[in-house]
Amino acid sequence: ETQEDGGNEILNLMLLEGRRMSTTLDRHLSLERTREEFPLTYLDLAALVRRVSGNLAPLFEKRAVTLHLDLPPRLSAQGDEKALCRVILCLLDNAVRYSTVGAEVWLNLKQKGTGVLLEVRDTGLGISEADQGRIFSRHFRTDEARAWSNEGNGMSLWTARELVRAHGGDVLVASKPGQGSTFTVTLPLSENSSHFLPHPLT
């Protein structure tokens with residue numbers, strides 16, 4: 001198998017995963033709809049992380065980036081499976097995209113109080129303090145990110161935060177240029193009996 005064949009296989013895997021979850025954006029990020037309804041189900045977030053990270057393993061291997069997972073055996077929460085898959089995919093793809101060859105990425109998942117905490121930490125490009133307030137804007141890419149790579153359209157972080165906020169949570173970032181970034185996702189463990197998203201998707 002040539003290096004080109006290996007690269008095509010990885011690309012095909014990424015496209016397959018993207019197509020599998022593309023309906024998430026259609027269902028949850030329509031600007032014409034200010035409030036979305038979907039059935040919340042109990043799911044195992046730890047298993048979800050393992051599945052998505054497994055799908056992305058060829059991309060990490062291609063870029064020689066090591067992914068460390070710190071997960072409980074099981075962590076049950078209520079949410080939309082496809083939407084949360086998309087969140088994990090966006091954050092891991094962002095971490096590996098802006099990491100150097102041989103770098104490391106850490107993903108930690110744990111229960112904290114009455115909520116869930118998911119952290120994705122990398123030692124990559126990093127983000128200036130001035131840009132940290134803008135990276136969750138649609139289509140925004142820092143000057144450093146554009147110089148680093150022409151891949152991406154500035155939608156991943158916006159998508160991730162919108163979907164998390166739709167579940168009643170949030171995404172925060174802590175970063176220093178040249179030292180990497182940590183993205184922290186907070187989610188409530190459940191929405192009681194509610195089947196409505198608590199925040200408008202605008």
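Asp93 is buried, at a relative accessible area of 11%; buried here means under 20% relative accessible area, exposed over 50%, and partly exposed in between, with a 1.4 Å probe and protein chains only. I start there, but first the conditions. This is a predicted model, in which local features need pLDDT of at least 70 and side-chain atom pairs count only at pLDDT 80 or more, while totals for chains, interfaces and linings use all residues. Residues are numbered from 1 along each chain as its sequence is written, and side-chain values use heavy atoms, with hydrogens and water left out.

Back to Asp93. Its side chain meets that of Arg97 in a salt bridge, 2.5 Å from N to O. By salt bridge I mean a side-chain nitrogen of Lys or Arg within 4 Å of a carboxyl oxygen of Asp or Glu. Both residues sit in helix α3, 4 residues apart, which is about one turn of the helix. Helices (H or I, at least four residues) and strands (E, at least two) are DSSP runs, numbered from the N terminus. Arg97 is also buried, with a relative accessible area of 16%.

The whole structure has 4 salt bridges. Another one joins Glu81 and Arg51, at 2.8 Å from N to O. Glu81 is in helix α3 (residues 81-97) and Arg51 in helix α2 (residues 45-62), so this pair ties together parts that are 30 residues apart in sequence. Glu81 is partly exposed at 35%, and Arg51 is partly exposed at 33%. Asp170 and Arg165 also form a salt bridge, at 3.1 Å from N to O. Asp170 is partly exposed at 23%, as is Arg165 at 30%.

Contact means heavy atoms within 4.5 Å. Beyond its neighbours within four places in sequence, Leu91 contacts Leu118, Val120, Leu157, Ala160, Phe183 and Val185.

Next, the strands β6 and β7. They pair in the antiparallel sense over 7 bridges; pairing requires that DSSP finds at least two bridges between two strands. They form a hairpin with 3 residues between them, and Gly178 in the turn has a positive phi of about 80 degrees. Ala174 stands opposite Thr182 in β7. On β6, the covered face consists of Val171, Val173 and Ser175, and the uncovered face of Asp170, Leu172, Ala174 and Lys176.

Strand β3 (residues 76-79) contains Ala77, which is buried at 4%. The C-alpha atoms of Ala77 and Pro188 are separated by 7.8 Å, although the two residues are 111 residues apart along the chain. Not counting residues up to four places away in sequence, Ala77 touches Thr41, Tyr42, Leu43, Leu45, Val116 and Leu189.

Last, a backbone detail. Most residues other than glycine have a negative phi. Ala64 has a positive phi of about 55 degrees although it is not a glycine. Ala64 is in the loop between α2 and β2 (66-70), and at 37% it counts as partly exposed.
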